[in-house]
Amino acid sequence: MKNFESLFAAYILVWAIFFVYYFTVARRLAELREELNALKAAVLGGSEPGSAKR
Amino acid sequence: MRSTVKTLWLGAALVALLLGIAGYTAFFIAPTERTMGDIQRIFYFHVTSAWTGFLSFFIVFIANVAYLVARKPRWDSLAVSAAEVGLAFTTVVLVTGPIWAHPVWGIWWTWDARLTSTFVLWLLYVVYLILRNLLEDPERRATVSAVYGIFAFLDVPIVYMSIRWWRTQHPQPVIAGGSGSGLDATMWRVVLVCWAALLSLMVLVLRSRYQLEKLRHEVAELSYEIDSRAPGTGSRGLARQETGGQGGATR
């Protein structure tokens, strides 16, 4: 297959961009969920968010 | 919440399967192009990424207009989410283009109308995201970025029409390009499979990104509530890292 390296590089980069972006969003989402749970616990318990279970 | 996470991973698995099928059709089902050979297989993700990017920026445009009309923060959240997703797809276009160009044209890049207008489009939406980080007041941020977003969208038709309006190094349109243009029937089917896969990916990422904005909003509101209950004890620092502000529209 002619130019296989270029074709392979293009597809690897396409997958890498999509994969990295999706997992960055998913990670930020998980972190924010944890933060929200901590804050909810703080509001319900009347304590500081740092003392709530995270 | 656990079911939402499960749905998200199920959606991701389905999209991964669709992308796998799309990759298979692009490599093994699509016929080899006569002049360029196998390197032309980049086309199936290069062009469809461009279309998906355009669609994302159109969603930004609609959301920006809707925000200016209704002043509802959810439109601002949708706009920023779609702008980031559109930027990811346009990055794919700008990365795959030069890799395709080098063996075919002998150069990685040239400042012709199509390539330049696409690069400008990418820059416009990078600036859109930077601009949002520079503005502190949520309402002002949403209004200024909505006006800017409407202006930025003007480049999308310019990118699309550039190969019709000007002579470019970039090939003339093969799809909707008038007489003499067109695609082989199998190539067309592969394009549609690849576009369907990328559209499903766009929906998945846009949904997650929009959820992220909604959560940021909730975190900001809760932080504000805690701060107003016990002034000076500072939950805001914790929230600000992610939200960048409190209440109102999102970053």
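Leaving aside neighbours within four places in sequence, B:Ser200 is in contact (heavy atoms within 4.5 Å) with B:Val15 and B:Leu18. The model is predicted: local features need pLDDT of at least 70, side-chain atom pairs count only at pLDDT 80 or more, and totals for chains, interfaces and linings use all residues. Residues are numbered from 1 along each chain as its sequence is written, chains are lettered from A and ligands numbered from 1 in the order in which they are written, and side-chain values use heavy atoms, with hydrogens and water left out.

B:Ser200 sits in helix α7 (residues 185-229) of chain B. Helices are DSSP runs of H or I with at least four residues, strands are runs of E with at least two, and both are numbered from the N terminus. B:Ser200 is buried, at a relative accessible area of 18%. Buried means under 20%, exposed over 50% and partly exposed in between, with a 1.4 Å probe and protein chains only. A polar atom of the B:Ser200 side chain lies 2.6 Å from the backbone oxygen of B:Ala197. B:Leu87 is 113 residues from B:Ser200 in sequence and 16 Å from B:Ser200 in space, C-alpha to C-alpha.

B:Ser49 is buried, with a relative accessible area of 0%. The B:Ser49 side chain reaches the backbone oxygen of B:Phe45 at 2.6 Å. Not counting residues up to four places away in sequence, B:Ser49 touches A:Phe18, B:Phe89, B:Val92, B:Val93 and B:Leu198.

Chain A has one helix and zero strands. Of its 54 residues, 39% count as buried.

Helix α4 (residues 113-134) and helix α5 (residues 138-153) of chain B pack at an angle of about 175°, with their axes 10 Å apart. Axes are lines fitted to C-alpha atoms, for helices over the stretch in contact, and angles run from 0 to 180 degrees between N-to-C directions. α4(B) and α5(B) are therefore roughly antiparallel to each other, a term for angles over 145 degrees. On the α4(B) side, the contact includes B:Leu121, B:Leu124, B:Tyr125 and B:Arg132. Among their partners in α5(B) are B:Arg141, B:Val144, B:Tyr148 and B:Phe151. By class, this contact has 11 nonpolar, two polar and two charged residues. Ala, Val, Leu, Ile, Met, Phe, Trp, Tyr, Cys and Pro count as nonpolar, Asp, Glu, Lys and Arg as charged, and the others, Gly among them, as polar.

Notes. Angles under 35 degrees count as roughly parallel, over 145 as roughly antiparallel, 65 to 115 as roughly perpendicular and the rest as oblique. A polar contact is a pair of N or O atoms within 3.5 Å; within protein, one must be able to donate a hydrogen and the other to accept it, and residues adjacent in sequence count only if both atoms are side-chain atoms.
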